[in-house]
Amino acid sequence: MDSNRVLVFDTTLRDGEQSPGASLSVNDKVAIAHQLARLNVDVIEAGFPVSSEAQFDAVRRIAQEVDGPTITGLARCIDLDIDRAGEALKDAKKPRIHTFVATSKIHLEKKFRKTEDEILEMALKGIKRAKQYCDDVEFSPEDSARTGKDFLFRIVKAAIEAGATTINIPDTVGYSNPEEFGELIREIIKKVDNIHKAILSVHCHNDLGLAVANTLAAVRQGAQQVEVTINGVGERAGNASLEEVVMALKTRQAFYKKQMGINSKEIIPTSRMVSRMMGIPVQPNKAIVGANAFAHESGIHQDAVIKDASTYEIMTPTEIGLESNKIVLGRHSGRHGLKQRLQEIGYPLTPEDLDRIYERFLELADKKKEVFEEDLLALIAEESQDVTEAFQLEYFQILSGNHAIPTATIGLKHKDQVFREASVGDGPVDAAYKAIDKIVKMPLKLADYSLKGVTGGKDAMGEVVVHVTENGKRIIGRAASTDVIEASIRAYVNAINRVLFLKEKFTNGNSEKAQL
Ligand code: KIV
Ligand code: ZN
């Protein structure tokens, strides 16, 4: 293997699925495995086949259906486990059996009541049995980080002699730290004389929040495979997170000097898929994939990022599959951030208009933590209260009922002339909107429609808010009436009038000089 290459072994579907509360159906697992193949991981640990029929099925189906990565299944150094793993993996193009036994004194005494020699014998027997199913066999001395070094070196050497092609060193309980774990890897490479015949792997848990740091320290010392999970999910506090390890190696390539096969643009889609399917939300400030990882709130930062993103970003959002960074508009935002966002949503304002909107924006930001695009649209809409009504509703007639095809006839006045059109639709509002579209002949799309009662009782006023888009620009229209159909029609006409009004200001007119 190329000495600069680091293999990415993903155990989201095995160790990751051991997260409290996470459980995936077989179909979910197959879907995630396909996504991991798109991410281009080198190895997918698909499950622990002996542990249940569902685990066996998931490993078998992934082995049959997912091309590209090596597919592995976990097995204790027990005949039944290895046979089940071998069976589940038999259709894989690149199968690997991953077998393990604990080697630390505490596990030997408390869990197994066995001697080191007995454990060694179990390990070798397990590896040899796995070799009957496939040539690619990984061996893990569980709890390596707390195992006496002499025994660890002895069992690693013997495992390679028995045929293990990958040796994985787990910090099973997340006890180690970067100096210590890096040193352990360095010593294994120095003291186990046949180590070069196997791939040296690491598997770190996050109990002290050091899983990624320990993994990177091991890579620095020569580890060639990293065992990781998407979003860092896993037993207890989880495993080293794939996206953090990968992006650290990629972003600091000049320091680590390592290559991987990962297609980093698939990181966000994979993270979101795993979070959704496992039902485990990603914390907002999670490195790389958290909602705030590329969000800038401070006005000083926003201003600098707009000038040059590298001022406050060490990776580009597009590298991991995000469309762009996020300027969070809130009370720390400056004029520049607001101006940029308004421009992005289609409103390049004059300095005077910007000053006015900025004042209103600050008042709003004081009340709301985050100001969303919708709030900006509402501010713009309020600023354009004096919109000229290019189209006015003259009349409407609706035919609707449980046995009738909803039909609307609409009359709109435009420049002293009344235009009339009729249309059928999926409901009375749809029919009315279609009839209006026929009259105004504009490329509008209805992006959102909401109706809420603004007063109580049977004669309640209904307020309708519609969002329409025209050439990618979003515009809000609103109206209220005791007749919800009328409110719906008036809100749509209101949006159309705003589109025309704003279009004149920002597209046809000289946008630099435009006044609201
Ligand atoms: O954490 C651990 O030790 C494991 C092994 C099975 C590799 O998950
Ligand atoms: Zn583990």
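These legends walk through a predicted model, starting with the whole chain and then moving to several close-up views.

This is a predicted model in which local features need pLDDT of at least 70 and side-chain atom pairs count only at pLDDT 80 or more, while totals for chains, interfaces and linings use all residues. Residues are numbered from 1 along each chain as its sequence is written, chains are lettered from A and ligands numbered from 1 in the order in which they are written, and side-chain values use heavy atoms, with hydrogens and water left out.

**Figure 1. The whole chain.** The chain holds 17 helices and 16 strands; these are DSSP runs numbered from the N terminus, with helices (H or I) of at least four residues and strands (E) of at least two. Its radius of gyration is 31 Å, whereas a compact globule of 516 residues would have one near 24 Å; the radius is taken over C-alpha atoms, and the globule rule is 2.2 Å times the number of residues to the power 0.38. Along the principal axes, the C-alpha atoms fill a box of roughly 100 × 60 × 40 Å. Of the 516 residues, 52% are buried (buried means under 20% relative accessible area, exposed over 50%, partly exposed in between, with a 1.4 Å probe and protein chains only).

**Figure 2. The zinc site.** Which protein residues hold the zinc ion (ligand 2) as donors? They are Asp15 (OD), His203 (NE2) and His205 (NE2), lying 2.0 to 2.1 Å from the zinc ion. Donors here are N, O and S atoms within 2.8 Å of the metal (3.2 Å for Na, K and Ca), and water is not among the atoms, so sites may look incomplete. Along the chain, the donors follow the spacing D-x187-H-x1-H. Asp15 sits in the loop between strand S1 (7–10) and helix H1 (26–39), and His205 in the loop between strand S7 (199–204) and helix H8 (211–220), so the pair ties together parts that are 190 residues apart in sequence. Both Asp15 and His205 are buried.

**Figure 3. Helix H8 and its cover.** Have a look at H8, where eight of the 10 residues are buried. Among them are Ala211, Val212, Leu216 and Val219. The cover over these buried residues includes strand S6 (166–171), helix H7 (178–191), S7, strand S8 (225–228), helix H9 (242–251) and helix H10 (253–256). After H8 comes Gly222, with a positive phi near 120°.

**Figure 4. Ala159 in helix H6.** Ala159 belongs to helix H6 (residues 149–162) and is buried, with a relative accessible area of 0%. Not counting residues up to four places away in sequence, Ala159 touches Leu124, Ile127, Phe139, Ala164 and Ile167; contact means heavy atoms within 4.5 Å. The C-alpha atoms of Ala159 and Ile439, 280 residues apart along the chain, are separated by 79 Å.

**Figure 5. Asn494 in helix H17.** Asn494 has its place in helix H17 (residues 484–508). Is Asn494 buried or exposed? Its relative accessibility is 17%, so Asn494 counts as buried. Beyond its neighbours within four places in sequence, Asn494 is in contact with Ile476, Gly477 and Arg478.

**Figure 6. Two loop residues with positive phi.** Asn40 lies in the loop between H1 and strand S2 (43–47), and its phi is near 70°, a positive value in a residue other than glycine. With 39% relative accessibility, Asn40 counts as partly exposed. Arg236 is in the loop between S8 and H9, with a positive phi near 55°. At 40% relative accessibility, Arg236 counts as partly exposed.
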